[in-house]
Amino acid sequence: GMNDSKLDLLGEGDAFEIKEMVLASGAHSTIKGHVRTWERMEQWAVDNGKLNSLFPPSTELVLSYALFLCKASCGPSVLPSLRSSIKWMCRRLVMIAPDLEAPEFRAIEDKVIAERGDEIKKAQPFTMEIVMALELGVIKHSETLPALAFIMWIILLMTYGSLRFDDMLHVKTSSLTWKEGILYGSAWQTKVERKRRGTKFAVPSVSMSDCKWLETGWDLFQQLVTEQFDFMIFEVSGWDRLVSRPVTYQRFVSLLQKAVFIACQATKDPITNTMAAEYTAHTPRTTMIDAGSHAGADPMAQMAQANWVSASMPMEYTRQTKSIAVNMIHSLVKKIKKGWRPGCSPASSAHPAENDQSSDEGENDLEFFVRKSGHLALEKLKFHVQSLDEPAFVACKARGLLISACDPVGSSVPDPKMICETCMKKRRDLFAEFV
């Protein structure tokens, strides 16, 4: 290995320099990930007096570390990543690799996957009141406790973007862009997409509590993160400072529960620590999908929102599918602000008059459609409506555009300027306030 007799002929400084050169060759993001994983194991070995078993790593040391990670409630991808990183480091440093296919290691890995999988299946969505509390928390703590406000902002991005922890963690800070009231981002690696092509997401500027949480968090992010990183969820020091390293899964669960607890203390119905402990790192992803199901949201919108590969609309049209997801979020927030809650019947809404059939008739008649084909950016999309006299076509009949060649995207648009002007004129019954 790098510390065997072949390198004993070199001075300590030369041997270290060669080691650094070997580690530095390869794809930048891949190297950083492997080295970071190895450094965490190395620190654990130092803390537990096992450093002499690390070069080369013994099977016993790796099993002990894997068991430690299991007991610390690590994420389901941690042990497979650990195996990959150990193999990579052993190849690079010409060390004998431990037995990573040992039945004991597989048993620990299977236990982690089963336990975390059970957590995901049972993950409780946030109540809408908790989402509102987090929104207000971003505003309240942005100046006094910026790290707390940042974590709350991250939780809300995951909630409105229906992102997994692994998705949000693997967002490069440089990928975030703000455009016309929507925050766009891209995860360079996700649970289902490992080819580094990037899985895009979009979070619209909406709020259940009528506050500018997204804009405030965006400004705070630009103040706190002045360098480029290949991760988005930072470790924190206290609640006032970010640390330039990624947070672990179990640590994020702890931060999420603490942030939820703190946010809810300012509400009329504060929750206990025990209640906050019911929420996991998968809770943000389930929240809007669950709400959308209860609200009867278009399945196409939910597929686009969750980046599910089984969507009927091809997922390579990412910008277009994200516009559908953005519309779903706009519609959901509109209903929630009127008093609707997931699992509640219309009659139990805080504003029953707004749920009368008569008040919803016009809204049910209005359904927008966007053309299926083409890699159009969101701002270039045109939202059409169905023709009244020839229902097979859109109202403007642009180039003979058929309804069957479009996707339904709900009853709202990010910007009224995106509605087809000809469709508006043809369907004055739907757009009396616009024409």
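Mentor: Let's start with T280, which touches A123 and L256, not counting residues up to four places away in sequence. Here "contact" means heavy atoms within 4.5 Å. T280 sits in the loop between α12 (273–276) and α13 (283–294).

Trainee: Why does T280 count as buried?
Mentor: Buried means under 20% relative accessible area, exposed means over 50%, and partly exposed is in between (1.4 Å probe, protein chains only). T280 has 13% relative accessibility, so it counts as buried.

Trainee: What should I keep in mind about the model itself?
Mentor: This is a predicted model, where local features need pLDDT of at least 70, side-chain atom pairs count only at pLDDT 80 or more, and totals for chains, interfaces and linings use all residues. Residues are numbered from 1 along each chain as its sequence is written, and side-chain values use heavy atoms, with hydrogens and water left out.

Trainee: What is the mean pLDDT of the protein?
Mentor: The mean is 79, and 74% of the residues reach 70 or more. pLDDT is the predictor's confidence in each residue, from 0 to 100. Over residues 1–7 it is below 50, and beyond near neighbours in sequence this stretch has twelve contacts in the model. Over residues 347–364 the pLDDT is below 50 too, with 19 contacts beyond near neighbours in sequence.

Trainee: How many helices and strands are there?
Mentor: The protein has 17 helices and seven strands. Helices (H or I, at least four residues) and strands (E, at least two) are DSSP runs, numbered from the N terminus. Buried residues make up 47% of the 435 residues.

Trainee: What makes R83 and E109 a salt bridge?
Mentor: The term asks for a side-chain nitrogen of Lys or Arg within 4 Å of a carboxyl oxygen of Asp or Glu. The closest N and O atoms of R83 and E109 are 2.4 Å apart, so the pair qualifies. R83 lies in helix α5 (residues 78–92) and E109 in helix α6 (residues 103–121), so the pair ties together parts that are 26 residues apart in sequence.

Trainee: And what about R106 and E109, why are they separated by about one helical turn?
Mentor: Because they are three residues apart in helix α6. R106 forms a salt bridge with E109, the closest N and O atoms being 3.5 Å apart. R106 is partly exposed at 32% relative accessible area, whereas E109 counts as buried at 6%. R83, K87, E101, R106 and E109 are linked in a network of salt bridges. A search of the whole structure finds eleven salt bridges.

Trainee: Which parts of the chain does the pair E129 and R341 link?
Mentor: E129 is in helix α7 (residues 128–141) and R341 in the loop between α15 (318–337) and α16 (357–365), 212 residues apart. Their closest N and O atoms are 2.8 Å apart, and they form a salt bridge. At 40% relative accessible area, E129 is partly exposed. R341 has 19%, so it counts as buried.

Trainee: How do you know what belongs to a nonpolar core?
Mentor: A nonpolar core is a set of buried Ala, Val, Leu, Ile, Met, Phe, Trp, Tyr and Cys residues joined through side-chain atoms within 4.5 Å. The largest one has 71 residues, of which F150, W153, I154, Y160, M168, W213 and F252 touch the most other members. Its largest share, 13 residues, comes from helix α8 (residues 146–161). A second, separate core of 26 residues includes I86, M89, L100 and F105.

Trainee: Why is the pair F165 and Y249 called edge-to-face?
Mentor: Rings of Phe, Tyr and Trp (its six-membered ring) pair if their centres lie within 6.5 Å; planes under 30 degrees apart count as stacked, over 60 as edge-to-face and the rest as tilted. F165 and Y249 are 5.5 Å centre to centre with 80° between the planes, so edge-to-face is the label that applies. F165 counts as buried at 9% relative accessibility, and Y249 is buried at 11%.

Trainee: What makes K335 sit over the ring of W340?
Mentor: The rule wants NZ of Lys or CZ of Arg within 6 Å of the ring centre and within 35 degrees of the ring normal. The charged end of K335 sits over the W340 ring, 5.1 Å from its centre.
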